[in-house]
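Reader: I am new to this structure and would be grateful for a close look at its sheets. Please take me through them strand by strand.

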Amino acid sequence: FENIGGTALWFDTNAEGAYVAYNTFNNVGFSCVMFEISGGGSKVENNKCVGFGLRKKASAGAIDTTTGGFFLSTSGGNEYRSIGIRVQGNFVVRTSAQSRKPIARDRVGFLELDQSGLRNTQVGMFGLLGAAGKPLFGRILDNTGSGQVGSSSYHSDTNRWSGNVAINTTWVGVAMRGSDSSANTYSTTKWQLNRVGRNFLFGKNGIPNQKLVSLSPHQMSTLEINPYIPTTINNELGLDNAAFTGNAKLTSRGIRITISSSSLTGRVKYQVLAQPCGGSYGSLVKVGTINATGPVGIVVNGCECTEFVVRALYRGVIGAFIRFSSPLT
């Protein structure tokens, strides 16, 4: 996706269980990937967003929370689907063209925003209550499949951010602006093994609608956000597919996959997935795990053309990745 005037991929109301992976976005007018009152059970992994918010008009306030490179807007776990959105192994980059714009430079690279008090419409004594007394984006299904207005609600709850990297961005983080009383965004958001710099937004003392502040190094360490954690599953080199290197070699037993070198640290393993050449990445199947760099690796059966994705893995958290095809001879 290149030179997109608006948002490149936008998932609107009730878009649940989406899979967004292995895309590259360049020079995007708004967000590279956005979920809006939707997204429960979705997975966003191994995407690259290079330049975002280039056409968004100025917004009041020192920090603009109306657009993000990867933007979860009142999206995630809800009464219809309790599982939130997992955002893992992605890159967001603030480009030089973006930094020259006075407002875009202060936009948030990875942003989770809850405005459930404005977005959720409820039925009261005098009819519908909520933003302008009517639903903004249609009906939200409840867990019985009912589409009655006000029967259920969305929040930015139970979302997971892991193994992501922000490059040159001014801010990343979480905000509760106009949240209803049932929102638990601050207490349920999880950030693990991300490399996102020091300017991480969070509500003052975790209170909804209060001033956004940058977390201290200790607070960031508690959330496993900062780069000081001994294990690194992703870094800036991953943007160029160079966080680690791998090989595929045809042998008499099959295709041997090895990890030649790695700039990652800690007890990182390497998850190997495969699919027939030309297939959809939604059809990837795990074929093994490599425990260390070196000539051993794993052997995969087959002699047909196969595409491989190898991803850094630590305690179930996904980070950097590489892609290559098997040799035919």
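**The sheets and a residue within them**

Strands here are DSSP runs (E, at least two residues), numbered from the N terminus, and two strands pair if DSSP finds at least two bridges between them. The model is predicted: local features need pLDDT of at least 70, side-chain atom pairs count only at pLDDT 80 or more, and totals for chains, interfaces and linings use all residues. Residues are numbered from 1 along each chain as its sequence is written, and side-chain values use heavy atoms, with hydrogens and water left out.

Within this sheet, β12 (residues 107–114) and β18 (residues 171–176) run parallel and are joined by 5 bridges. D114 has M176 in β18 as its bridge partner.

An open sheet of 5 strands has parallel pairing and the order β3-β6-β10-β16-β19. Because β3 (19–21) and β19 (190–192) each have a single partner strand, one side of each is left without a neighbour in the sheet. Neighbouring strands are turned here by 5 degrees against each other on average, direction ignored. Strands β6 (residues 43–45) and β10 (residues 86–88) pair in the parallel sense over 3 bridges, and E45 stands opposite Q88 in β10.

Strand β16 (residues 160–162) contains S162. S162 is buried, with a relative accessible area of 1% (buried means under 20%, with a 1.4 Å probe and protein chains only). Leaving aside residues up to four places away in sequence, S162 touches R86, V87, Q88, G89, Q192, N194, V317 and I318, contact meaning heavy atoms within 4.5 Å.

Key: Helices (H or I, at least four residues) and strands (E, at least two) are DSSP runs, numbered from the N terminus. Buried means under 20% relative accessible area, exposed over 50%, partly exposed in between (1.4 Å probe, protein chains only). Axes are lines fitted to C-alpha atoms, for helices over the stretch in contact, and angles run from 0 to 180 degrees between N-to-C directions.
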